[in-house]
Amino acid sequence: AATFKSGNVTIEGVQNGDAALYLASDQGDDWNDKIRMRKGSGADLYIELNNDSNVWETAAQFITNGGVNLFYNDSKKFETYDNGIKCYNHCRVEGVEGQGATLALYADEGDDSYDQFLITSTGSELRILGNYDNGWDRYLEVKPNNGVKLYFDQLDTSDPVAKFETTADGAKVTGISEVTGNSEISGRALI
């Protein structure tokens with residue numbers, strides 16, 4: 001039953017049943033022209049799409065005093081929960097044309113610089129950075145077909161000096177290398 005009061009619309013379902021609002025486009029003559037917002041007998045709200053086979057698929061679920069779930073083709077892909085968000089199967093961070101993509105990880109509210117880390121892709125390399133009082137330090141750099149570099153206390157300038165890097169011939173260490181325990185070197189070693 002639908003009632004109109006002071007500009008509001010109330011849709012009531014039967015006792016212990018669902019209440020739904022249906023929207024139809026293009027005269028509603030095809031199943032996939034229809035969408036519905038449905039409140040189940042509990043407190044949750046659903047937005048559902050009708051596929052070509054007259055089957056309702058959940059697009060979004062809003063849980064009272066809880067989270068929000070988003071679906072793709074009736075399969076849950078994104079969820080909010082008390083500690084943050086969850087992505088299912090694949091989570092993609094995409095930069096705009098000509099720019100990199102960055103995933104920022106801020107622990108403990110990110111209120112201290114030591115709580116802040118970045119994983120960034122420039123298109124030609126992947127970097128892991130940490131923020132300190134003097135700026136962003138580079139820890140790791142990965143260049144496709146060109147190796148991996150590890151850094152220690154190096155600002156993310158245009159060309160910081162790596163302490164360890166892989167090369168086509170093996171590995172290169174800059175500075176002191178300390179080995180504890182047994183060490184075996186096969187092939188050639190330049191010391």
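Which residues form one aromatic cluster?

1. Phe117, Tyr132 and Tyr139 do, and this grouping is read from a predicted model.

2. As for solvent, Tyr132 counts as partly exposed at 23% relative accessibility, and Tyr139 counts as partly exposed at 24%. Buried would mean under 20% relative accessible area.

3. The structure holds three aromatic pairs, and one of them joins Tyr22 to Trp56, whose ring centres are 5.8 Å apart and whose planes stand at 65 degrees, so that this pair, too, is edge-to-face. Tyr22 belongs to strand S3 (residues 19-24) and Trp56 to strand S6 (residues 56-62), so the contact ties together parts that are 34 residues apart in sequence. Trp56 is itself partly exposed, with a relative accessible area of 22%.

4. Charged side chains also meet aromatic faces in this model: the charged end of Arg38 sits over the ring of Tyr46, 4.4 Å from its centre, while Arg138 lies over the face of Tyr151, at 5.4 Å from the ring centre. Both assignments rest on a limit of within 6 Å of the ring centre, together with a position within 35 degrees of the ring normal.

Note on methods: Residues are numbered from 1 along each chain as its sequence is written. This is a predicted model: local features need pLDDT of at least 70, side-chain atom pairs count only at pLDDT 80 or more; totals for chains, interfaces and linings use all residues. Side-chain values use heavy atoms; hydrogens and water are left out. Rings of Phe, Tyr and Trp (its six-membered ring) pair if their centres lie within 6.5 Å; planes under 30 degrees apart count as stacked, over 60 as edge-to-face and the rest as tilted. Helices (H or I, at least four residues) and strands (E, at least two) are DSSP runs, numbered from the N terminus. Buried means under 20% relative accessible area, exposed over 50%, partly exposed in between (1.4 Å probe, protein chains only).
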